[in-house]
Every structure is written in structure tokens, then in C-alpha cells.
Amino acid sequence: MAVCARLCGVGPSRGCRRRGAQREQRREGPADSEPDTDAEEERIEGARLGQGQAPAPAARAPLSLLELPPELLVQIFGSLPGTDLPSLARVCSTFRRILRTDTIWRRRCREEYGVCENLRKLEITGVSCRDVYAKLLHRYRHILGLWQPDIGPYGGLLNVVVDGLFIIGWMYLPPHDPHVDDPMRFKPLFRIHLMERKSATVECMYGHKGPHNGHVQIVKKDEFSTKCNQTDHHRMSGGRQEEFRTWLREEWGRTLEDIFHEHMQELILMKFIYTSQYDNCLTYRRIYLPPSSADDLLKPGLFKGTYGSHGLEIVMLSFHGKKAKGTKITGDPNIPAGQQTVEIDLVHPIQLPDIENLRNFNELSRIVLEVQEQVRREQQQQEEEEGQGEGEGHSRQGNSQQAEQPAQRDDAGAEGTEAAGAAAAQESAPTSQPFVLPVGVISRNEDYPRTCRMCFYGTGLIAGHGFTSPERTPGIFILFDDDRFGFIWLELKSFSLYSRIKVSFQNAAAPSREAFDEMLKNIQSMTT
């Protein structure tokens, strides 16, 4: 009580600032600004709630919240988090009566969930702002954010947001292959809204027959599932053939006759058969956008990338000290979603040869393999030094404190030297240099940038069908600009171009670096 009173400027030696301001305003006359409908509603509601109550004595300041004008209590309660208001309602009957004021809940809907619709229209349906907050927004708050569906190796990207008076799950899809710079496509998978005062309604949006009955269940923290209760709405009159042709137009933007590559036809048909069996009955696991720092080579985030016959896939680029990692959010039968598709060694920059020699694949391969051998020797040396350090540690237990201090300084110096080397490489590299793919390297998109900023040694993950015999092979990471990078897979003689996804995803920030790293481990373990 005392804290709330102090927030209002009420104390033993001074009156309420709001009352003083009102008296001052009456002396100055009406303002020229537009009328505040919420404030007017608070005044009217306060007058109604205050009927029958004796006015506080003018000679002294109020000593408790109960003596404040009801319209002021409406304003105070409206500034509190909605999760605290049920406890406040249990204090006394006066508070409980005031908390039935819809102005309070309208403000909580707007400030906590960004609902900017005219909530007064709800009065026509008999649904109050309090109902919207308690039965829709607050109840389903745990499913807001970014999610990855469990669809075997294919994965996906779902963003659940508050959209007007609905909660909608939008599935984001890459643009049609190979147009990696085109914007993302998206379609609704489910929506939740309040049709009446009893409870929220969940509707499945999958298929082409409009919204129908669905179900959402929060399984546990950072995991929920959806279920369609009317899967017949997903069927088409033309049977599976019509469903496949429709899916192919939506997924690939073409017909099967347009795809001449037999292996690509098999991959597409396999994906349709696998994904359509779920009928929008899916389990989702939360994912976060990667945290960023001023030292990052470029802003981390989500990118669209070309993956040969598999089409475009979504990759998350994140930075981890001396390395950068590209993790698949969507995947394929060879490298499934959740796996680390590329790893960039930021300590080992690569200087490209002149444009003529760059066209020679053997010359580029020689440069990359030399760096690979250097990295191998450094790792071997580091392992030997660590082994020697452990042996010396056991033999010098008596002088452990004295031995640790210079060792720590040496380690810090080594790390500082490596970090300084990477920073120096970035600073000394030209702002741009000519770039062209070597002859014989396959690219799905010939419209790649012809200049780049810098290059680094990296490794790419390759595997057989079903993620069999996975191995990391050498390659080269090419930074083109702030929103595009590429990777040349030496063993495959293939080039992947990545372009940033420019979508402002809501409720997607990681609470901490540790939470993000744990999320990466979890989604990788699902497919290992």
C-alpha cells in the first residue's frame, strides 16, 4: 500500500499530485488538445464506482489507497503487469470491483501484447478486454515466438504472433528455387481467437477449404503441439494427384514436367509423401535468434541458401568466438534440419589469387588445402601441449599456484594473438576485390555477386542419403556484403549462395548466450 501511495505522490505532508493538477487545470481553463477517451472513461467509471462513498476530508491527505478517488485507482492499476492484478483483486471488494473496469485490461492488452485494435468493438459480441487478456493472450503467451516443427529431416520455421485479435502461427517458406534474393513466403497453419466469453477457439488453417476445428496443447516448457480435428478438409476432390500438383506449385512454383532432372523429381516426390502424412498434427520446439556483438564479422541471423537439387533451405548463422556456425533450420534427407552445415574458421583468412588464376579450380583447391594442413598441424600441436601441461600439473602439485599464473598469462596471450590476427585480417583486407567462380564449380544461381570483401577457411558437412557416413570437408567462406555470403564445397565442386532473411520476427530473442547455445545442442541432438 505504501509503495503504491508513494507512486501517486501521496504522503503525510503532501496531497495527491493528480488532484493538484486538476485544480490547476480548472483555473487555467480547458486545453486545446483532443479529448482523451480513456481518461474520460476512467473519470465516468470512477464516478460510478465512487457513488455512495463519503469524500475524504479536505483538511488531510489520504492515508491509504482506499481513500484515493476511484478514477485514480483505475489509472494506477492499469499501469501494473496483468499477472499482478488477480492478487490485487483478492485484497478487498473495492479493488475487485475496480478491476472489473475494462479500461485497465484494454491498456494491458496494448502494452503487453501490442493489440492496437479498437477493443471497444468487442462489446457488441459480449466479450470484454478482460476476457481477451485472460482467456486468449495470457493463456497462450507461452507459444509466442519462433519454433521449429518436427517434420523428420525437413524441419521448418514457424512464427507465432499476436495479429489483431488473433494469435496466428505463420509458417515461413523460402522463395522458389533458385531465387535466393526474393522475399520469404508465408502461410497460416493455425489461429486462435475469442468467439465468445467461454473459451478461445483454435482453428486449423491447413488445406484449401477454409478454417476448421483444431487443437493446441502446450506439452512442456518450450514445446507445444497442434492437431487438426477435421483432416477431411485437407483432401481435394481430385485425390492425391491434385494435392501433389497443388503442393508442387506452392512449394516449387512449377509443374513436374518442368523439372527434367530425374533425381530432383525423386527428391520432390519423397518430400511430398513424407510431409503430407502429418496433416498439420505437429510438435514444435522453440528456437532463438542468435545474439550479436560488435566484433561479429557480419550481423548474425537467418539466411536462405541454395542446396543443389534440394532447393533453397533456411540456415542460422551464429558466432562463437573464433568460429562462426551455420545451422540448418530446414533440411533434407542428406543433411537434416538441426545439423551444422558449415563452420567458418575466423582465425584463418584466405587471400584469393588474381581473377585469372581464380578461374582455375586446381589453384584455389591448392590454396585451401594448404590452409587445411596448417589448421591440422596447429590442432595437433595444441593437443600435445595440453597433454604435456596435464603431466606437468601432476608432477608439480606443490608449486601449482606459481605455475598456473604464467600459464594463464600465456593462454590469454595466445588467444589475444589469434583474435588480433583475425581483426588484422579484417582491417587489412581490401574493401572489395573481384570474384568469380572457378571453372567446373556448379552453382544453382548464376546471378551471384562479382565482388567480395574477404574469405576464410571453413568446413562443410556432407553425407549420404539418410545422413549416412557424415564427414566435414574443406571449403572456402566468401563474404560478399552485409546480407550475402557464399561457400564453395571443394569435394562436391559446388557453390552455395546465402541471402539474409529480412523479416522482423517477434518474441525471438534469446534470454542469454547460454540459452542460445543450449537450444543449438537440443535441435542438433534431435537428428543425430
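1. Strands here are DSSP runs of at least two residues, marked E and numbered from the N terminus. Strand E5 (201-204), strand E6 (212-220) and strand E7 (223-228) each put at least two residues into the lining of the largest cavity. That cavity holds about 40 Å³ of space. The structure has one cavity of 30 Å³ or more. Its lining consists of Phe190, Val202, Glu203, Cys204, Gly214, His215, Val216, Thr226, Lys227, Cys228 and Asn280.

2. Please keep in mind that this is a predicted model. The protein chain contains 14 helices and 19 strands. It has 528 residues, and 45% of them count as buried. Take the contacts between residues at least 6 apart in sequence: 59% of these join residues at least 24 apart.

3. Now the second largest pocket. Its volume is about 980 Å³. The lining has 50 residues, and those closest to the pocket centre are Leu173, Lys187, Trp247, Glu251 and Thr275. Two or more lining residues come from each of strand E3 (166-173), strand E4 (185-193), H9, helix H10 (262-276) and strand E10 (312-320). H9 contributes the most, with seven residues.

4. Aromatic rings deserve a careful look. Searching the whole structure gives 24 aromatic pairs. One of them is Phe244 with Trp247, a stacked pair with centres 6.1 Å apart and 25° between the planes. Why stacked? Planes under 30 degrees apart count as stacked, and this pair has 25° between its planes. Both residues belong to helix H9 (residues 239-252); they are three residues apart, so about one helical turn separates them. Phe244 is buried, at a relative accessible area of 11%. Trp247 is also at 11% relative accessibility and counts as buried.

5. Phe435 and Tyr448 make a pair of another geometry. Their ring centres are 6.0 Å apart and their planes meet at 80°, so this pair is edge-to-face. Phe435 is buried at 3% relative accessibility. Tyr448 is buried as well, at 6%.

6. What sits over the ring of Tyr448? The charged end of Arg450 does, at 3.7 Å from the ring centre. Arg450 also turns up among the contacts of Gln433. Gln433 is in strand E13. At 12% relative accessibility, Gln433 counts as buried, because the cut-off for buried is under 20%. Beyond its neighbours within four places in sequence, Gln433 contacts Gln351, Leu352, Arg450, Thr451, Cys452, Arg453 and Met454.

7. There is also an aromatic cluster. Its members are Phe303, Tyr307, Phe477, Phe485, Phe487, Trp489 and Tyr498. Tyr307 has a charged neighbour over its face: Lys328, 4.3 Å from the ring centre.

8. Is Thr330 buried or exposed? Thr330 is buried, with 10% relative accessible area. Thr330 is placed in the loop between strand E11 (323-328) and strand E12 (340-350). A polar atom of the Thr330 side chain lies 2.8 Å from the backbone nitrogen of Ile314. With neighbours within four places in sequence left aside, Thr330 is in contact with Tyr154, Gly155, Gly156, Glu313, Ile314 and Ala337.

9. Backbone geometry needs a check at a few sites. The peptide bond from Asp177 to Pro178 is cis, with omega near 5°. Pro178 lies in the loop between E3 and E4. E3 and E4 are among the elements that supply two or more residues to the lining of the second largest pocket.

10. Two residues other than glycine have a positive phi. Asp222 has a phi of about 65°. Asp222 is in the loop between E6 and E7, and it is partly exposed at 28% relative accessibility. For Lys493, phi is near 50°. Lys493 is in the loop between strand E18 (484-489) and strand E19 (494-500). It counts as partly exposed, at 37% relative accessibility.

Conventions:
Residues numbered from 1 in each chain as written. Predicted model: local features only at pLDDT ≥ 70, side-chain atom pairs only at ≥ 80, totals over all residues. Heavy atoms only, no water. Phe/Tyr/Trp six-rings, centres within 6.5 Å; stacked < 30°, edge-to-face > 60°. Helix = DSSP H or I, 4+ residues; strand = E, 2+ residues; numbered from the N terminus. Buried < 20%, exposed > 50% of the residue type's maximum accessible area, 1.4 Å probe, protein only. Lys NZ or Arg CZ within 6 Å of the ring centre and 35° of its normal. Polar contact = N/O pair within 3.5 Å; in protein donor to acceptor, adjacent residues only side chain to side chain. Contact = heavy atoms within 4.5 Å. 1 Å grid on protein atoms, 1.4 Å probe; cavity = no way out; pocket = protein on both sides within 12 Å on 5 of 7 lines; lining within 4 Å. Points joined across faces, edges and corners; volume = space filled by probe spheres on them.
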